[in-house]
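Hi,

Could you have a look at the structure below? My notes on it follow.

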Amino acid sequence: MNRRRSGLRFGRRRGFSNPFAGLIVGPFLVVFGAILLIIGWGWYSRTNDWAAAGGTAMGTVVDMKTHQSTSDSSSNIMYQPVIEFKTETGEVITYTDPTSTSSPRYQIGEQVEIIYNRNFPSDARENNFLSLHLPDAIVMGMGGFFLLMGLIGGIRSLVLVLAAGGIAAYLLAKKKENEEPDQSQV
């Protein structure tokens, strides 16, 4: 009677079956991670430049826009704050935050600091980490992860290659050492 084994195997390592695969995969991960870090840093710098050149204003939450988000198993109400603020020129702008959350972040009437583009005041964001730098941080975090995994895998495999080469050299030296006395006896 054949029984199918479950996919669980205890005591067995997961990952690459070849311990030297890190020499091939490692450099690719390092390059990919470095590219993501550079892109994320560029976004971060561009966002900082945009924020430094922009105007700031205190806005008031005037409404909480709701919409229904459905998934396979559930349905949730999502909330987006609608914020009204005055520019330096006195123009009143109504801004709806593109980020929606499952619970309201603000109460109606609450004050929120806004950074906006002076030339296009409707191009605005809340002055907080989530609104300004979350995408940058995610890309840089992924880049750092891939870079680190590539370095660890590459260094691990390089150590294994050097250790294997050292062991092979030692064994060859011992074999030659053992052969030399045999030749002198002949």
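Let's start at a strand pairing: tyrosine 116 has alanine 124, in β5, as its bridge partner. Strand β5 (residues 124-126) pairs with β4 in the antiparallel sense, over three bridges. Two strands count as paired if DSSP finds at least two bridges between them, and the strands themselves (E, at least two residues) are DSSP runs, numbered from the N terminus. On to β1, which runs antiparallel to β4 and is joined to it by six bridges; here alanine 57 stands opposite isoleucine 114.

A bit of background: this is a predicted model, where local features need pLDDT of at least 70, side-chain atom pairs count only at pLDDT 80 or more, and totals for chains, interfaces and linings use all residues. Residues are numbered from 1 along each chain as its sequence is written, and side-chain values use heavy atoms, with hydrogens and water left out.

Now the rings. There are four aromatic pairs (ring centres of Phe, Tyr or Trp, with its six-membered ring, within 6.5 Å; planes under 30 degrees apart are stacked, over 60 edge-to-face, the rest tilted). Phenylalanine 85 and tyrosine 116 are a tilted pair, because their ring centres are 5.4 Å apart and their planes at 35 degrees. This pair links distant parts of the chain, with phenylalanine 85 in β2 and tyrosine 116 in β4, 31 residues apart. Elsewhere, Phe32, Phe145 and Phe146 form one aromatic cluster.

Cheers

Note on methods
Helices (H or I, at least four residues) and strands (E, at least two) are DSSP runs, numbered from the N terminus.
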